[in-house]
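Subject: Structure handover and notes

Hello,

Here is the structure I promised to pass on.

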Amino acid sequence: VAAVEPPPTPTPERRSLLAAALPLTQALLAQVGRTLARAHAALAWPDAGGGSPPSPCPPQAPPPPCAPLTDADLRTYLGPGGRLLRPQELRLHVFHGGVEPGLRKVVWRYLLNIFPPDLTGQERLAHLRRKSREYAALKSALAARASPAELAAVAAAVRKDVVRTDRAHPYFGGPEEGHPHLAALQALLTAFALGHPRLSYCQGMSDVAAPLLAVLDDEAQAFLCFC
């Protein structure tokens, strides 16, 4: 923008400040130039100066799948005995396309690292049974270790959110008293809070745990996925 009046002549002090800032300005401009050069090379943009044409790009990978993961797709990632062979590719498939609703109960356990690597299908079932027993023992041990005041405070904080989380969903709908799914959500969040006393329970954790419980329909597995 052109000034209406010519700028005033810099004072000696002003000139000294400009002289001191000049090397820093030149260094910044040089760094910006190098960064843009790297960006041009990475994106294979033609050189604005009309120089030599850029080298040809390597062939691009096919576009990622966009359809939700199906049971047939999942089987392509499994090897003999049901071992998961390509976990990273499975994650990318789900990232780009999602999962069919009926398959979420199976796939979420892979995505949330429930299973150690290289387990067969039978070994995964045994792993889930063992973890279910460990969860039951953990709940009892945590409840016995906590003081009555701590247990009451945690249970009250969790209950305040549980009774209003996803109540319009059929899985959590209905009367509060004696509701098995509300009780399971209360139990797994209480166990997590008692097992992590420095973090304890924070508002919003119920919103994360509720869909896990509704899809997996198993308190112990939902607890593992939530952790």
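First, a definition for what follows: buried means under 20% relative accessible area, exposed means over 50%, and partly exposed is in between, with a 1.4 Å probe and protein chains only. Please keep in mind that this is a predicted model, in which local features need pLDDT of at least 70 and side-chain atom pairs count only at pLDDT 80 or more, while totals for chains, interfaces and linings use all residues. Residues are numbered from 1 along each chain as its sequence is written, and side-chain values use heavy atoms, with hydrogens and water left out.

Overall make-up

The protein has nine helices and zero strands, where helices (H or I, at least four residues) and strands (E, at least two) are DSSP runs numbered from the N terminus. Of its 227 residues, 26% are buried.

Aromatic contacts

How many aromatic pairs does a search of the whole structure find? There are four, counting rings of Phe, Tyr and Trp (its six-membered ring) whose centres lie within 6.5 Å; planes under 30 degrees apart are stacked, over 60 edge-to-face, and the rest tilted. One of the pairs is formed by Tyr135 and Phe223, which is tilted, with 4.8 Å from centre to centre and 40° between the planes. This pair links distant parts of the chain, since Tyr135 belongs to helix H5 (residues 121–145) and Phe223 to helix H9 (residues 219–226), 88 residues apart. Tyr135 counts as buried because its relative accessibility is 6%, and Phe223 is buried with a relative accessible area of 7%.

There is also a charge over a ring: Arg124 lies over the face of Phe115, 5.8 Å from the ring centre. The test here is that NZ of Lys or CZ of Arg is within 6 Å of the ring centre and within 35 degrees of the ring normal.

Pockets

Grid points are joined across faces, edges and corners, and a volume is the space filled by probe spheres set on the points.

The largest pocket holds about 250 Å³ of space. Its lining has 14 residues, and Leu84, Pro87, Tyr110, Phe115 and Pro117 lie nearest its centre. Helix H3 (87–97) and helix H4 (104–111) are the elements that give two or more residues to this lining. By class, the lining of the largest pocket has nine nonpolar, one polar and four charged residues, taking Ala, Val, Leu, Ile, Met, Phe, Trp, Tyr, Cys and Pro as nonpolar, Asp, Glu, Lys and Arg as charged, and the others, Gly among them, as polar.

The second largest pocket has a volume of about 160 Å³. Among the residues lining it are Tyr110, Phe115 and Arg124. H4 and H5 are the elements that give two or more residues to this lining, and H5 has the largest share with five. Its classes come to six nonpolar, two polar and two charged residues.

In H3, the buried residues are Leu90, His93, Val94 and Gly97. They line one face of the helix, because seen down the axis they fall within an arc of 95°, taken from the directions from the helix axis to the C-beta atoms. The face turned away from that buried side carries the exposed residues Gln88 and Phe95.

Leu85 sits in the loop between helix H2 (71–76) and H3 and is exposed at 52% relative accessibility. Its C-alpha is 7.7 Å from that of Asp118, 33 residues apart in sequence. Leu103, in the loop between H3 and H4, is buried at 9% relative accessibility.

Two backbone angles to look at

Ser200 is not a glycine, yet has a positive phi of about 55°. Ser200 lies in the loop between helix H7 (180–195) and helix H8 (205–216) and is partly exposed, at 22% relative accessible area. Asp217, also not a glycine, has a positive phi of about 55°. Asp217 is in the loop between H8 and H9 and is partly exposed at 46% relative accessibility.

Best wishes

Note on methods. On a 1 Å grid over the protein atoms alone, a cavity is a set of points where a 1.4 Å probe fits but cannot get out, and a pocket is an open set with protein on both sides within 12 Å along at least five of seven lines; lining residues have an atom within 4 Å of a point.
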